[in-house]
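Here's a quick briefing to read with the structure open.

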Amino acid sequence: DIHVPYHNIEACRLAIQHGRKLGVDCVIVNGDLCDFHSVSFWERDPRQRHLVDELESGRRFLEVLRDTFPKARIVFKEGNHEERLWRWVWARVPEFAGLKELSLNEILYLSDYGIELVDNKKPIRCAGDLYILHGHEFRSPFQNPVNAARGLYLRANCNAICGDLHQTSQHTGTGLEKTISCWSVGCLCDLHPRYMPLNKWNLGFADIEIFKDSWRVQNFKIINGMVV
């Protein structure tokens, strides 16, 4: 959840620096790289209607990501903010709905950077029984009683990670046969944007270490310029 042009440059730098230090072999941009503010159906600030500039900033971020991790697999999962684009096209210019030139692959140059696209709300199955979602995949948004991860736990009923809610949290439930854990991940965007200055967001990211028969999730916060 980077939300260009509402991104936090220092938080992005720290997350990328962390991945570089670990030598990660796969990077997942888990939705909402761009905010698509200008094509939102919500009330829009006319001073922020710069879609071309927003897309250019998104491309520059992906270019930096590819230059930093030249050999890594990079996966881009479509989030609800990316969906704003095709929803706007469907509503305003439906005749353009099938244009290849308006696809995320084309407008963000994903193929040029060797980045794989996961669209249509498809979850990413990672390390056997761990799933990665953006958080908008369910028919109605899940609520977050106690915390966002518990909301995901109640809806997914499996080991899962999501973004979307911009909150770092973890929830584990133990049944008769197995233990299920869920995580929600912080964001890398401005914590007080004009459209929602008061919220419960925090900066953060996660890394996943995969072993032969298991995996480990580390869910980090960024506080006062430090990864904790």
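Asn 159 is buried, because its relative accessible area is 9%, which falls under the 20% cut-off. Keep in mind that this is a predicted model.

**Asn 159 and its surroundings**
- You'll find Asn 159 in strand 6, which covers residues 159–162.
- Its side chain makes a polar contact of 3.3 Å with the side chain of Asp 129.
- A polar atom of the Asn 159 side chain also sits 2.8 Å from the backbone nitrogen of Ser 181.
- Leaving aside residues up to four places away in sequence, Asn 159 touches Asp 129, Leu 130, Tyr 131, Thr 179, Ile 180, Ser 181 and Trp 215.

**The largest nonpolar core**
- The largest nonpolar core has 36 residues, and those touching the most other members are Leu 33, Phe 36, Phe 61, Leu 62, Leu 65, Phe 76 and Leu 108.
- At least two residues of this core come from each of helix 1 (9–22), strand 1 (26–29), helix 2 (51–68), strand 2 (73–77), helix 4 (104–107) and strand 10 (215–223).

**Phe 76 up close**
- Which residues does Phe 76 touch, not counting those up to four places away in sequence? The list takes in Val 29, Leu 33, Leu 62, Leu 104, Leu 108, Leu 110, Ile 115, Leu 117 and Val 118, plus Glu 82 and Glu 116.

**A second core**
- There's also a second, separate core of 11 residues, with Val 75, Ile 124, Leu 130 and Val 217 among them.
- Leu 130, one of the residues in that second core, is also among the contacts of Asn 159.

Conventions:
Residues are numbered from 1 along each chain as its sequence is written. This is a predicted model: local features need pLDDT of at least 70, side-chain atom pairs count only at pLDDT 80 or more; totals for chains, interfaces and linings use all residues. Side-chain values use heavy atoms; hydrogens and water are left out. Helices (H or I, at least four residues) and strands (E, at least two) are DSSP runs, numbered from the N terminus. Buried means under 20% relative accessible area, exposed over 50%, partly exposed in between (1.4 Å probe, protein chains only). A polar contact is a pair of N or O atoms within 3.5 Å; within protein, one must be able to donate a hydrogen and the other to accept it, and residues adjacent in sequence count only if both atoms are side-chain atoms. Contact means heavy atoms within 4.5 Å. A nonpolar core is a set of buried Ala, Val, Leu, Ile, Met, Phe, Trp, Tyr and Cys residues joined through side-chain atoms within 4.5 Å.
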